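Biologist: I am new to this structure and would like to learn how to read it. Could you walk me through its features one at a time?

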Amino acid sequence: MKTIGMIGGMSWESTVTYYQAMNQGVNSALGGLHSAQLVLVSVDFAVIEKFQANGEWDKAAELLSQAAQSLEKAGADFFIICTNTMHKVAETVQSQVNIPLLHIADATGQQLKRNGITRVGLLGTAFTMEQDFYKGFLERKYGIEVIVPNGVQRRLVHDVIYQELCLGKLNNRSKTDFLTVIGDLYESGAEAVILGCTEIGLLVKPNDTRVLLFDTTKIHVESAVARALE
């Protein structure tokens with residue numbers, strides 16, 4: 001079994017899901033008392049969030065690069081960044097280590113292609129929905145058209161992520177709002193919707209809507225487990 005390196009803490013709420021699902025995935029594949037062989041570096045999200053808000057992505061990249069180097073020194077065979085937004089600095093972080101990064105948008109793009117999706121809605125932080133690092137990745141590498149909510153809805157989704165989900169707060173009103181946004185994306189022609197923030201899956205479940213959902217946390221974990229067991 002390969003050793004999985006995880007950069008977590010962004011937020012720790014979703015990192016818990018990653019850790020649990022990683023171990024469940026390995027145990028499901030191997031049975032018995034098997035669990036995932038992994039190393040985890042968990043950063044202080046308050047520091048990362050400040051860098052995001054101030055547009056100091058170079059400082060965020062430096063912090064995550066140090067985390068990746070720690071994973072490499074600890075024996076990780078490959079690593080993942082347990083968040084969508086911080087893949088904005090994925091190339092920089094990858095350049096600082098010799099072990100490969102399993103990119104969350106790559107794993108998601110492959111899953112979308114397997115399902116024949118050509119036009120998809122995207123929910124996530126404002127950075128993920130509005131900037132090119134995620135949408136452009138899917139469009140250029142996989143030829144998938146990405147659409148996002150309108151400005152008011154983008155702000156609502158962003159605020160719920162940072163003010164509620166990252167703090168472990170699950171609000172029924174927010175869930176209703178998210179389902180409305182998902183429905184609107186579907187009505188706008190999205191064949192499915194990406195839950196492109198690792199916390200959204202804590203709030204919205206596949207059986208909450210008739211719209212096909214792609215939970216990036218689940219997809220990322222499944223891809224990492226498969227890589228570890230190759």
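Modeller: Gladly! Let us begin with the idea of a cavity: a set of grid points where a 1.4 Å probe fits but cannot get out, with lining residues having an atom within 4 Å of a point. Please keep in mind that this is a predicted model.

Biologist: How many cavities of 30 Å³ or more does the structure hold?

Modeller: There is one of that size. The volume of the largest cavity is about 100 Å³.

Biologist: Which residues lie nearest the centre of the largest cavity?

Modeller: Look for Met-10, Phe-45, Thr-83, Thr-85 and Thr-125, which are part of a lining of 15 residues. At least two lining residues come from helix 2 (45-53), and at least two from helix 8. Sorted by class, the lining has seven nonpolar, seven polar and one charged residues.

Biologist: And how does a pocket differ?

Modeller: A pocket is an open set of points, whereas from a cavity the probe cannot get out. Here the largest pocket holds about 420 Å³ of space. It is lined by 20 residues, and Asp-215, Thr-217, Lys-218, Ile-219 and Glu-222 are the closest to its centre.

Biologist: Which helix gives the most to the lining of the largest pocket?

Modeller: Helix 11 does, with six residues. Helix 1 (12-30), helix 10 (200-203), strand 7 (213-215) and helix 11 (216-228) supply at least two residues each. The classes in this lining are 10 nonpolar, six polar and four charged.

Biologist: What is the volume of the second largest pocket?

Modeller: About 200 Å³. Its lining includes His-87, Lys-88, Phe-133 and Arg-140. Helix 4 (90-95) and helix 7 (132-142) each provide at least two of the lining residues, and the lining divides into four nonpolar, three polar and three charged residues.

Biologist: Now for helix packing. At what angle do helix 8 and helix 9 pack?

Modeller: The angle between helix 8 (residues 151-163) and helix 9 (residues 172-187) is about 140°, and their axes are 11 Å apart. Because of that angle, helix 8 is oblique to helix 9. Their crossing is left-handed.

Biologist: Which residues make the contact?

Modeller: From helix 8 come Gln-153, Leu-156, Val-157 and Val-160, and from helix 9 come Ser-174, Asp-177, Phe-178, Val-181 and Asp-184. By class, the contact of helix 8 with helix 9 has five nonpolar, two polar and two charged residues.

Conventions. Residues are numbered from 1 along each chain as its sequence is written. This is a predicted model: local features need pLDDT of at least 70, side-chain atom pairs count only at pLDDT 80 or more; totals for chains, interfaces and linings use all residues. Side-chain values use heavy atoms; hydrogens and water are left out. Axes are lines fitted to C-alpha atoms, for helices over the stretch in contact, and angles run from 0 to 180 degrees between N-to-C directions. Helices (H or I, at least four residues) and strands (E, at least two) are DSSP runs, numbered from the N terminus. Angles under 35 degrees count as roughly parallel, over 145 as roughly antiparallel, 65 to 115 as roughly perpendicular and the rest as oblique. A crossing is left-handed if the near helix is turned anticlockwise from the far one by less than a right angle, and right-handed if clockwise. Contact means heavy atoms within 4.5 Å. Ala, Val, Leu, Ile, Met, Phe, Trp, Tyr, Cys and Pro count as nonpolar, Asp, Glu, Lys and Arg as charged, and the others, Gly among them, as polar. On a 1 Å grid over the protein atoms alone, a cavity is a set of points where a 1.4 Å probe fits but cannot get out, and a pocket is an open set with protein on both sides within 12 Å along at least five of seven lines; lining residues have an atom within 4 Å of a point. Grid points are joined across faces, edges and corners, and a volume is the space filled by probe spheres set on the points.
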